[in-house]
Amino acid sequence: MNRLVLPLAALLAVAAPAVPPVLGPAAAVAETADDPEAIVRAIYGQWAAPCCTYFNVIDTHFSPKLAKLYKDVQEGAGDDIEYAIDFDIFLDAQDDDTVTEVVTSYLEKGDDRAVVAVSYKAFGETREQTYTFVKTKAGWKIDDMGWGPDRPALRAMLDDLEEQQRKSR
């Protein structure tokens, strides 16, 4: 019986049509870890339709230091939203919306650091953000985000919130 099973399995493997893997946004981004611009486009691709399969950008695409800082601040705030990031950092909004017209470009690209600008349309207006990437052993990782010169970048916000949490205890 065993002598029949192995040849039959081999025959079925060869005869069966190749089924391409179903790639959700996480897989698509994982395949682009060598290209910061592609990572940003994939992040905004999550909002290309009203219903999306979100993936955890914090765990997957933040640098280890930024991911730890973000999680520490969010967890440290507990139920007190005053000491946490209380908005969607990718859409720069409280609500969710479909994102269209995503355009990315490099503002800076070196061997171990890159800055990517993104503009996109959401909530009926064009929005712009920047992403600072660092090269790690695991590929390019987001190390900071910005929403323009009139606001602090994500890392500065998190540092400030962490300090406020310490003072409030």
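Predicted model: local features only at pLDDT ≥ 70, side-chain atom pairs only at ≥ 80, totals over all residues.
User: In what pattern do the helices and strands follow one another along the sequence?
Analyst: The chain contains six helices and four strands. Read along the sequence, they give the pattern α-α-α-α-α-β-β-β-β-α.

User: What distance separates the end C-alpha atoms of helix 5, and what span should its residues cover?
Analyst: Helix 5 comprises residues 64-77, which is 14 residues. At 1.5 Å a residue, helix 5 should therefore span 20 Å. The separation of its end C-alpha atoms agrees with this, at 20 Å.

User: Why do the buried residues of helix 5 lie on the same side, and what arc do they cover?
Analyst: The buried residues of helix 5 are Leu66, Ala67, Leu69, Tyr70, Val73 and Ala77. They are on the same side of helix 5 because they cover an arc around the axis of only 165°.

User: Which residues are exposed on the other side of helix 5?
Analyst: Exposed here means over 50% relative accessible area. On the other side of helix 5, the exposed residues are Pro64, Lys65, Lys68 and Glu75.

User: Against which elements do the buried residues of helix 5 pack?
Analyst: Leu66 and Tyr70 are among the buried residues of helix 5. The buried residues of this helix pack against helix 4 (57-61), strand 4 (139-146) and helix 6 (154-168).

How values were computed:
Residues numbered from 1 in each chain as written. Heavy atoms only, no water. Helix = DSSP H or I, 4+ residues; strand = E, 2+ residues; numbered from the N terminus. Expected span 1.5 Å × (residues − 1). Buried < 20%, exposed > 50% of the residue type's maximum accessible area, 1.4 Å probe, protein only. Arc of directions from axis to C-beta. Contact = heavy atoms within 4.5 Å.
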